[in-house]
Structures are given as C-alpha cells and as structure tokens.
Amino acid sequence: MEKAKKEFDFAELRAIRQRAVGRLFWQLKRYIDNHMEPQLNNLGYADFKMSYMMVISNIEEQGTTNNELAKRANVTKQMMSKMVSLLEKEKYIYTTKNPDDSRSSVIFLDDRGKDLLMDVRQCIDKVRVKLDGIVGHDRMEAFISTMVELVTALGREEQ
C-alpha cells in the first residue's frame, strides 16, 4: 500500500517542537547545568563538569562497582571507567579492590566528593527557588512527583 505524500509543514513542526518532552527536559537540564557549573567553579571545583554528576551522585556509602555505576548512569562500562579514572585523579573519589571479585574495584566518595555534593545541594536549592518563583512551589512539587513516578515506572519496565 502506497503512503500518500504529505507536504512538510514548518508551522506544524514548531507546534510539535514547543511541547516535545525530550526537548523540554533537555532545555531544563541545560539551564540547570549552565546555572550550576559556574557556581561550582567559583567554589573551587573548576575541574568538575556537570556531566560527572552521573558518577558522583550514584555512589553509595558502602561503595559502588564500576559496572553498577555504568548501569545506573546508562553508559558503557568503558565510558564509566574513563570518568572514574578522571574523578579519582582529581580526588573526588577513591577506589579499592573489590573483596568479592578481585578483577573489579569498589568506588567510594572521597572527602572532596562529599564536599562537592554538599555544595551541589546548595546550588540546587538556588535553582529550585528560581523555578518555584516561576511556576509556584506546589506546581514544582507536583512536577517533580510526576517525574519520579514516570522514572520509577519506566525503570521497572527496563528490568
């Protein structure tokens, strides 16, 4: 069956683009990253990029393996290994041999990584004040709750 050729409509594209969920999330993340990274640089973390948060924010108190970090961040093990090496060099994290598997390491937050996360929290609080000022605290809470529900349900589907 032959598909009827429809004329491309830029007005329709613009209307769709305005409400495209992926694009909206990307723009919001870009705003937050662009707002927070200079603040962190001013606090002494000039060597830290917001893209490294996928590593730092997923390390548990008892340590986390590279494979688990890669899975949580949805990146390859090789990419995670590169980021782990870089962050270890900059003293945000440290690694020890895995007592359960000598072929792997367990990754822990170093003191600088813990300090960073405390400072990130303050930066996030400033962003949240700005967002609350735009849409209101209750709407932001509802938006965050909706995102948590979506991410949780989609995460279950992926398993």
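Visitor: What should I know about the model before we look?
Guide: It's predicted, so local features need pLDDT of at least 70 and side-chain atom pairs count only at pLDDT 80 or more, while totals for chains, interfaces and linings use all residues. Residues are numbered from 1 along each chain as its sequence is written, and side-chain values use heavy atoms, with hydrogens and water left out.

Visitor: How are α6 and α7 oriented to each other?
Guide: Helices here are DSSP runs (H or I, at least four residues), numbered from the N terminus. The axes of α6 (residues 111–135) and α7 (residues 137–158) come within 7 Å and cross at roughly 110°; axes are lines fitted to C-alpha atoms over the stretch in contact, with angles from 0 to 180 degrees between N-to-C directions. Angles under 35 degrees count as roughly parallel, over 145 as roughly antiparallel, 65 to 115 as roughly perpendicular and the rest as oblique. So α6 and α7 are roughly perpendicular.

Visitor: Which residues of α7 meet α6?
Guide: Contact means heavy atoms within 4.5 Å. On the α6 side you'll find R128, L131, D132 and V135, and their partners in α7 are H137, R139, M140, E141 and I144.

Visitor: Are α2 and α6 oblique or roughly parallel to each other?
Guide: α2 (21–42) packs against α6 at an angle of about 130°, with the axes 10 Å apart. That's why the pair counts as oblique.

Visitor: How many nonpolar residues are in the contact of α2 with α6?
Guide: Residues of α2 including L28, Y31 and I32 meet residues of α6, among them L116, V120 and I124. Ala, Val, Leu, Ile, Met, Phe, Trp, Tyr, Cys and Pro count as nonpolar, Asp, Glu, Lys and Arg as charged, and the others, Gly among them, as polar. The contact has 3 charged, 2 polar and, for your answer, 11 nonpolar residues.

Visitor: What is the volume of the largest pocket?
Guide: A pocket, on a 1 Å grid over the protein atoms alone, is an open set of points where a 1.4 Å probe fits, with protein on both sides within 12 Å along at least five of seven lines; lining residues have an atom within 4 Å of a point. Points are joined across faces, edges and corners, and volume is the space filled by probe spheres set on them. For the largest pocket that gives about 1400 Å³.

Visitor: Which helix gives the most to its lining?
Guide: Of the 31 lining residues, the closest to the centre are F25, K29, S57, M147 and V151. By class, the lining has 20 nonpolar, 4 polar and 7 charged residues. With 10 residues, the top contributor is α7.

Definitions and conventions:
Helices (H or I, at least four residues) and strands (E, at least two) are DSSP runs, numbered from the N terminus.
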